[in-house]
Each structure stands twice: as C-alpha cells, then as structure tokens.
Amino acid sequence: MNIPVEDVESPESTPRPRPKRQQRALDILVIEDESIIAKDIEFMVNDLGHRVVGPARTHKEALSLALKARPAVIVADVRLADGSSGIVAVDEMLKSIDASVIFVTAAPQWLQTGELEPVLVIPKPYSVSDVKAAIAKATTRRAQSMETIMATKSAVSRLTRKQ
C-alpha cells in the first residue's frame, strides 16, 4: 500500500495538545462542628485535589490546627461547638497566617453586608456545586495574592467588630 508522502504527517508537524496546567494542591482548614457537614466538605475538598486540615469543632482546635498547618484556605462555620464564633476564630488566625476565607452558615443574611469582598459566604443548606465553586475560587492565584489576602483580613476584622 503506497500512501502519498504529502498525506503523511510528520511527528514534528502534528500539533500537540497542550497539557493542562496542574493546579497545585493546597491545604484547606475545615472548621465545622457538625460531623456530617464536615465530612461532606472534606470529600469535596479532596475531590478538587486539595488536602484537608481538620476538621476542627471549636475555636481552640481551629486555632491550633491553623497555626500548625498554615492553610491556604479556611472553610469555617459561623457558630462552633463550644458556642464560640467561627468569625472571631478566623479573625484571630488571620493575625498569624495568610489565607482565603469561606464562611458556611445557616444565617447568611447578616453576613451579606456588601463589605465582605473577597470573603465568600455559602448559605446552608448548600449545594455541592456552590461549595466546589467557592473552593475553586478561593484557590485561584488571584485569591491567593497578597493584595486579596490583605483585603480578606480587613473584611473579617470589620465583621468581627460588628458582632
């Protein structure tokens, strides 16, 4: 069988598909006192290729884990098992570490002040797609930039003062 030379593509002339750029796996701290919700979020974080730190159920556990692991993202419930505020816990963490923040809460109305940008808020009950989208957004280069991290720290600090 003779194939005309002009019909044969050389390996050099065949365009190679660009390999997809692998996003690096980040450590994500989960602060959630309800074990079913914590496990659900943990599965979503792992599914996106990131590592879970925690979960933490109390302010003290969360602070200890954050200072040891120094996560890139914090996913926090607003009310913790010991009756403390997840917002206050996150504010305290952000004084020592740099991280993007996602709050998960059953009462998102009082968090939606318009002053929280770039902090993300997910209302409970949540959808898997909402949580995954928030985690994906919080792990982008832009969300991890120092400018955005500083804006996050400022927003969480303002929120803490309003409590």
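Modeller: Helix 1 and helix 4 are oblique to each other. Keep in mind that this is a predicted model.

Biologist: What angle do helix 1 and helix 4 pack at, and how far apart are their axes?

Modeller: The angle between helix 1 (residues 35-47) and helix 4 is about 55 degrees, and their axes are 10 Å apart. Angles from 65 to 115 degrees would count as roughly perpendicular and those under 35 as roughly parallel, so this pair is called oblique.

Biologist: Which hand does the crossing of helix 1 and helix 4 have?

Modeller: That crossing is right-handed. On the helix 1 side, the contact is made by M44, V45 and D47. Helix 4 brings V128, V131, K132 and I135 to the contact.

Biologist: How do the residues of that contact divide by class?

Modeller: Five are nonpolar, two are charged and none is polar.

Biologist: OK, next pair. How do helix 2 and helix 3 cross?

Modeller: The axes of helix 2 (residues 59-69) and helix 3 (residues 86-93) cross at roughly 25 degrees and come within 10 Å. That makes the two helices roughly parallel. Helix 2 passes helix 3 in a right-handed crossing.

Biologist: Which residues meet there?

Modeller: From helix 2 they are H59, A62, L63 and A66. From helix 3 they are V88, A89, E92 and M93. By class, this contact of helix 2 with helix 3 has six nonpolar residues, one polar and one charged.

Biologist: And helix 3 with helix 5: what is the angle there?

Modeller: Helix 3 and helix 5 pack at about 140 degrees, with axes 9 Å apart. Roughly antiparallel applies to angles over 145 degrees, so helix 3 and helix 5 are oblique to each other.

Biologist: Is that crossing left-handed or right-handed?

Modeller: Helix 3 passes helix 5 in a left-handed crossing. I87, V88, V90 and D91 in helix 3 meet V156, S157, L159 and T160 in helix 5. The classes in this contact are five nonpolar, two polar and one charged.

Biologist: Change of topic. How much space lies in the largest pocket?

Modeller: About 260 Å³. The lining of the largest pocket has 14 residues, and those nearest its centre are E117, P118, R142, A143 and T148.

Biologist: Which elements supply at least two residues of the lining?

Modeller: Strand 4 (100-105), helix 4 (128-138) and helix 5 (146-162) each do. Helix 5 gives the most, with four residues.

Biologist: What classes are in the lining?

Modeller: Six of the lining residues are nonpolar, four are polar and four are charged.

Biologist: Now the backbone. Where is there a cis peptide bond?

Modeller: One runs from G54 to P55, with omega near 15 degrees. P55 lies in strand 2 (residues 51-56). Another cis peptide bond joins K124 and P125, with omega about -5 degrees.

Biologist: Where does P125 lie?

Modeller: P125 is in the loop between strand 5 (120-123) and helix 4.

Biologist: Last one. What is phi of R70?

Modeller: Phi of R70 is near 50 degrees, which is a positive value in a residue other than glycine. R70 is placed in the loop between helix 2 and strand 3 (73-77).

Conventions. Residues numbered from 1 in each chain as written. Predicted model: local features only at pLDDT ≥ 70, side-chain atom pairs only at ≥ 80, totals over all residues. Heavy atoms only, no water. Axes fitted to C-alpha atoms, helices over the stretch in contact; angles between N-to-C directions. Left-handed = near helix turned anticlockwise from the far one by under 90°. Contact = heavy atoms within 4.5 Å. Nonpolar A, V, L, I, M, F, W, Y, C, P; charged D, E, K, R; others polar. 1 Å grid on protein atoms, 1.4 Å probe; cavity = no way out; pocket = protein on both sides within 12 Å on 5 of 7 lines; lining within 4 Å. Points joined across faces, edges and corners; volume = space filled by probe spheres on them.
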